[in-house]
Amino acid sequence: MNPTIILINLFAIGCLIFAFTKDRAKTKQSVEVAVKSFFRILPPVLIIIILIGLLLGFVPPSEISKVIGEQSGFSGVLLIALLGSILHIQAFISFPLAASILESGASISAVAAFITTLTMVGTATLPLEMRELGKKIALLRNGISFVIAIVIALIMGVIL
Amino acid sequence: MKTEEREREKQTNKAMIRDYLLLGVTLTFAATVLLIFPDRLDIVTTTSWDYFLEMMMILPAVMVVMGLFAVWVSKETIVKYLGESSGIKGIFLAILVGALPTGPLYVAFPMASSLLKKGARISNIVIFLSAWACIKLPQELVELQFLGLKFMLSRLVLTILFVTLMGVSIEWMIKWSDKKTSNSTGGENGAGI
């Protein structure tokens, strides 16, 4: 048990108690939604956890750090930013994955680039975005997001 | 509206069955690989178990927070607040409202589109969408757990900063290009929406 785990759970319990004093029916409905979403997100979470185990068990850290570690420099960041733009993984499960590659030799910049492009650039949702908001806004938003994700990643590499 | 909801329910059920099948495939794959390389069994299971424990200790709480917001903050509330505000207050609200844990990105697109049609500022909509995509409260909680306070905070601050800059510059670019096309086509409305 680390402090973060306690903090997150206290926060949730606090919100729950506050909600309960406001409206019981709505709180009950919220918990139902929570249980449903938990079981919906469980399989991808378990899949990624198994893959992390295999990754750390079979791929030596030296290999990971060669491709996306400190010595890979800008090309490593670019590579993983592209990967993050194409992949369509929920943010929730990207964090344990990110932590595992960080643990095994990836650079801070690479990890930050991965998470940021993963959430901000959506190649899979781009067609929908273009239909709803027009080509111009959608393409500009995704294109600029890709660039700023790399800028954010590089800044984080410097300050952390 | 009812049938639309039922249709969505059906689709999420289908996706869930697919996900559980995929989990079965992954488990079988892992078991096979570990049978071939039994010397790796120990490190693989310990690593996975550690991550599993960590996840299980925060995931229920994160889901409760999401569930509460999903029920309490309706789409109508979000549209109402975003449509009315502008300036610094508008930017602030766009980030705040986008960061509330209220569902996947594809839910936000139609909202953004209707807000644009109602005359909301492009900058606020772009900021709202980007905040929705990457500054979600439950995501920040999971990031805090796995990557630590320093990592989470610095990425959050940088993201807010750059997303705001991006929103403002996209609005500027779209206005500029619309003006150009409407000048060259003789005042015809050339909005790209």
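## Domain and chain interfaces of chain A

In this predicted model, chain A has a mean pLDDT of 92, and 99% of its residues reach 70 or more; pLDDT is the predictor's confidence in each residue, from 0 to 100. Within chain A, confidence is lowest in helix H3 (residues 61-68), with a mean of 87, and highest in helix H8 (residues 135-159), at 95. Helices are DSSP runs of H or I with at least four residues, numbered from the N terminus.

Residues are numbered from 1 along each chain as its sequence is written, and chains are lettered from A in the order in which they are written. Local features need pLDDT of at least 70, side-chain atom pairs count only at pLDDT 80 or more, totals for chains, interfaces and linings use all residues, and side-chain values use heavy atoms, with hydrogens and water left out.

Chain A is divided into domain 1 (1-58) and domain 2 (61-160), with bounds from an automatic or database domain assignment. The C-alpha centres of these two domains of chain A lie 25 Å apart. Seven residues of domain 1 are in contact with ten residues of domain 2, contact being heavy atoms within 4.5 Å. By class, the side of domain 1 of chain A that touches domain 2 of chain A has seven nonpolar, no polar and no charged residues. The nonpolar class is Ala, Val, Leu, Ile, Met, Phe, Trp, Tyr, Cys and Pro, the charged class is Asp, Glu, Lys and Arg, and the others, Gly among them, count as polar.

The table sets out the buried area, which is the accessible area (1.4 Å probe) that two parts lose on being put together, summed over both.

| Interface | Buried area | Share on carbon and sulfur atoms |
|---|---|---|
| Domain 1 of chain A and domain 2 of chain A | about 730 Å² | 86% |
| Chain A and chain B | about 6900 Å² | 82% |

Between the two domains of chain A there are zero salt bridges, a salt bridge being a side-chain nitrogen of Lys or Arg within 4 Å of a carboxyl oxygen of Asp or Glu.

The contact between the chains takes 77 residues from chain A and 78 residues from chain B. One salt bridge is found across this interface of chain A and chain B: the side chains of A:Lys136 and B:Asp178 meet at 2.9 Å, N to O. The largest share of the side of chain A that touches chain B, 27 residues, comes from H2(A). By class, that side of chain A has 51 nonpolar, 15 polar and eleven charged residues.

Terms used:
Helix = DSSP H or I, 4+ residues; strand = E, 2+ residues; numbered from the N terminus.
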